[in-house]
Amino acid sequence: MRVRRLIPARGPSLFVNTGLAAAVLLAGGWAYTAFGAPETAAAGEARTVPVSRATVTSAVSVPGSVRSAATASATFATAGTITEIAVAVGDPVKKGQVLAKVDASPAKRELAAAEADLDAARDAADRTAETEGSTTQAEAAVTQAELKVAAAREKVDGATLTAPIAGTVVAVNGSVGDSGTPAGGAATGGGTSGTGSTPSGSGSEGLVQIADLTRLEVSAAVPEADATRLKAGMPATVSWNALPGTTAEAALAAIDPNATTADDVVTYGVTLSLKDRPDAARPGQSVQVTVTLDTAENVVAVSALAVTSAGNRNTVTVLDNGTPVVRPVEVGLRGDQLVEITSGLTEGDRVVLPSTGGAETSTGGGGRGGPAGGGLTGGGGRGNR
């Protein structure tokens, strides 16, 4: 009789055991990840930044505004009632173009009277020469009459207001029927073609204000501490607040010789000429002006947070085989983001940041200080060497 051995099926059991083993391994991995990661050790480690080469830039950044580089305020040279205004805001005008007129009747009557007096003076001079021979007094009277005629003619001409420059009308400060009063509040005999031109911002608005919108510049106010380091010709960058991503290269054209004090803050006005004019640029727009004071290219640099200064002594804390060591250094160009190191550090060293300094910042990379954020903003300078 053949005995048959019954061998139990192993497939289902094998699958079950394999699944249990995998579950145990996964559970163990989860436990290690959840409880075995060295979080406390990482939290206690010093934060460091590497020493590498970069471009360090010292700059001053201040708000500014766009304005026309050529403006004029046209004012009547003769007082009178405005009878005509020939332009409106936005109109382009040419130099010498008629802008407005006042009633010239009084000035014309004055001219007619002066011319009659001149004729009479000449006749008197002629009679004196025929009868007495001496014409000194009579000639003086003629000269005086001629001066009065010239002044009267200027008043007639001054009743017509013409454009002192070519440009665009940006303001009309009056209307027909108003009193056209000359600058200073009284009728004068001066002026050319009845036009008085005053500089922009002089306080006398004039009847018509004209600006050349094709020539723009930027004005700004710089704190006195930074103004002492500014020089005409320094390069600058202008960015538009209302035009994201819009920038233009500029140059420092002029620095006001006199300071302005407001709320005990002393500033100096500066003017920057734009090298290129964005299509959307308009007078009156607000901008941010960054003037480059100095640049050190391809130099050994480190985050400014890592440098401690006390008088003329500058130090950094370096990790030496994992141990923090205070090391004296000499610095060159300083920036808010980066500081040039002229001696005391080499590329590859890692310097310690203060615990409240923020996230690690690398000085590696290019332009204007690299990824660390580039050049300084506001008040950098050459350090002690």
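Is Asp 263 buried or exposed, and what is its relative accessible area? In this predicted model, Asp 263 is exposed, with a relative accessible area of 74%, where buried denotes under 20% relative accessible area, exposed over 50%, and partly exposed the range in between (1.4 Å probe, protein chains only). The model is predicted, and local features accordingly require pLDDT of at least 70, side-chain atom pairs count only at pLDDT 80 or more, and totals for chains, interfaces and linings use all residues. Residues are numbered from 1 along each chain as its sequence is written, and side-chain values use heavy atoms, with hydrogens and water left out.

The chain contains five helices and 21 strands, assigned as DSSP runs (helices: H or I, at least four residues; strands: E, at least two) and numbered from the N terminus. Of its 385 residues, 35% count as buried. The chain exposes about 21,800 Å², of which carbon and sulfur atoms supply 53%; accessible areas come from the Shrake-Rupley method with a 1.4 Å probe. Among contacts (heavy atoms within 4.5 Å) between residues at least 6 apart in sequence, 78% join residues at least 24 apart.

The axes of helix H3 (residues 105–131) and helix H4 (residues 136–157) come within 8 Å and cross at roughly 165°. Axes are lines fitted to C-alpha atoms over the stretch in contact, with angles from 0 to 180 degrees between N-to-C directions. H3 and H4 are therefore roughly antiparallel to each other, a term applied to angles over 145 degrees. The contact includes Leu 111, Ala 114 and Leu 118 of H3, together with Val 142, Ala 145 and Val 149 of H4, among others. The residues of this contact divide into 13 nonpolar, one polar and nine charged; Ala, Val, Leu, Ile, Met, Phe, Trp, Tyr, Cys and Pro count as nonpolar, Asp, Glu, Lys and Arg as charged, and the others, Gly among them, as polar.

Most residues other than glycine have a negative phi. Asp 263, by contrast, has a positive phi near 55° and is found in the loop between strand E14 (247–262) and strand E15 (265–274). Phi is also positive at Asn 298, with a value near 50°. Asn 298 is found in strand E16 (residues 286–303) and counts as exposed at 52% relative accessibility. Strand E16 also holds Leu 293, which counts as buried at 15% relative accessibility. Leu 293 and Leu 230 are 63 residues apart in sequence, and their C-alpha atoms are 7.1 Å apart in space.

Conventions: Angles under 35 degrees count as roughly parallel, over 145 as roughly antiparallel, 65 to 115 as roughly perpendicular and the rest as oblique.
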